[in-house]
Each structure stands twice: as structure tokens, then as C-alpha cells.
Amino acid sequence: MKRLVVLVSGQGSNLQAILDACQQGQIHGSVAAVFSNKSDAYGLTRAREAGVPAHALAASQFADREAFDRQLMLEIDAYAPDLVVLAGYMRILSPAFVQHYAGRMLNIHPSLLPKYPGLHTHRQAIENGDEEHGTSVHFVTEQLDGGPVILQAKVPVFAEDSEEDVNARVQHQEHAIYPLVVSWFVDGRLAMRDDAAWLDGEKLPEEGHAGD
């Protein structure tokens, strides 16, 4: 059975979706451990309630980003993960960390990449009058939110929407598509090659798999 390590910084709702999918057999694997850069992240509580080892590392204990990431790699590797899953992990990763897990690290980003990398994506979508917004699951590369897109889900944006309205709509989609993509990887259907995502031996287009 494949082993997942999940990194969180906040509420951990996508972590919960993955834990549930593992329990229900949608993902043929298990979450071996959860790590956070914030000791009060609710995602750690979710992990403990599921009987999963939960660990926090404080950046203040390390000289720089590279030292933090070196320790994090050591602790992650103790669980021998097949896949590292970023689920609302809000630290920029060092190049060494990204290279160490190249091809076996996923992230979910709340926009239709390459649109709106970085923070405050819902606000930007509203301010720009977008009628469509969404979320993207992608492989992690050294380019911030720039790795090959695997799957996107779109949601409408209405004139009267607040950021909270859009966030709720996007999260609903995230909780569906992230476990699905994790299951593809665990089942050996998904890989990163030649700076592209491949599903079932076919190279995916820039916007990822054209899901239903």
C-alpha cells in the first residue's frame, strides 16, 4: 500500500478529504504522517483524530529556509513516502526540497493556473470581474505554482460574491478533485516526465486532464 505524507499550514480541509478517501478505499494508500510549519494548525488535530502521526516544525528554530527544509526532509523521509501532498502548505519550498521530491509531490492551488499564482486568488478574480474561477492540482516544480497542471475544476463567479462565497465554491471542488488525482498517482496512472504531466501514458495538455 502506498504511503502519503501531507503538509498543512491551516485548517486542513483538503487533508480531511484525503483521509476520508483513504478510509473509503478511493485512494489505495494511507496517510503515514502530517507535518505543519504551525503548531496550532487545525490540520494537525485532524491528523491526530485519524490516528495519524502529526508533527510541527517552527521556522524560528532554524537559521534559514534551507536548514528548515533539510530537517523537514529528514523527518518526512523517516516515513518513506511514495507521495508528498501539499494541502494548504503556505511556505515557499527551497530548490533542494523540490528537487528531492521531484515527480512525487503534488499541490493544489485555488485558481485556474497559470492565472493568479501566489496569494489572494479569489480577491483577484472578483476585482478583475472574472465570471469563472477555480482550482488546479499540479506537480510541484521550482517555479511557484508553476508545475505541470494535472486537473482543474471551474466554478462560476457572480457579481454579488464575496471572497468567502467564492472560497466555499472552490473548496467544494477541491475536496473532489484532490483525492482523485492522488488516487491516480497511487494507482500508477499519473507521472511527471519531460516537464509535463502524463496520465495513462498520454501527455496532458497545459490545462491538465479534461475532466467531466
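A residue is called buried under 20% relative accessible area, exposed over 50%, and partly exposed in between. The views below come from a predicted model.

**View 1. Arg-123 pairs with Glu-163 in a salt bridge.** The closest N and O atoms are 3.0 Å apart. The pair links distant parts of the chain. Arg-123 sits in helix H5, and Glu-163 sits in helix H6 (residues 163–186). They are 40 residues apart. Arg-123 has 34% relative accessibility, so it counts as partly exposed. Glu-163, at 30%, is also partly exposed.

**View 2. Asp-130 and Lys-115 form a salt bridge between two loops.** The N to O distance is 3.3 Å. Asp-130 lies in the loop between helix H5 (121–127) and strand S6 (132–139). Lys-115 lies in the loop between strand S5 (105–109) and H5. The pair therefore ties together parts that are 15 residues apart in sequence. Lys-115 is partly exposed at 41%.

**View 3. Asp-200 meets Arg-189 in a salt bridge.** Their closest N and O atoms are 2.8 Å apart. Asp-200 is in the loop between strand S9 (196–199) and strand S10 (202–203). Arg-189 is in the loop between H6 and strand S8 (190–193). The pair ties together parts that are eleven residues apart in sequence. Asp-200 is partly exposed, with a relative accessible area of 46%. Arg-189 is partly exposed too, at 33%.

**View 4. Asp-69 is buried but has no salt bridge.** Asp-69 belongs to helix H3 (residues 65–77). Which side chain of opposite charge is nearest? That is Arg-91, 4.6 Å away. Asp-69 does have a polar contact: its side chain and that of Ser-94 are joined at 2.8 Å. Beyond its neighbours within four places in sequence, Asp-69 is in contact with Leu-93, Ser-94 and Phe-97.

**View 5. Val-155 is a buried residue in strand S7.** The strand covers residues 149–156. The relative accessible area of Val-155 is 4%. Not counting residues up to four places away in sequence, Val-155 touches several others, including Glu-131, His-133, Arg-169 and Val-170. Val-155 and Ile-177 are 22 residues apart in sequence. Their C-alpha atoms are 13 Å apart in space.

Terms used:
Residues are numbered from 1 along each chain as its sequence is written. This is a predicted model: local features need pLDDT of at least 70, side-chain atom pairs count only at pLDDT 80 or more; totals for chains, interfaces and linings use all residues. Side-chain values use heavy atoms; hydrogens and water are left out. Helices (H or I, at least four residues) and strands (E, at least two) are DSSP runs, numbered from the N terminus. Buried means under 20% relative accessible area, exposed over 50%, partly exposed in between (1.4 Å probe, protein chains only). Lys and Arg count as positive and Asp and Glu as negative; His and the chain ends are not counted. A salt bridge is a side-chain nitrogen of Lys or Arg within 4 Å of a carboxyl oxygen of Asp or Glu. A polar contact is a pair of N or O atoms within 3.5 Å; within protein, one must be able to donate a hydrogen and the other to accept it, and residues adjacent in sequence count only if both atoms are side-chain atoms. Contact means heavy atoms within 4.5 Å.
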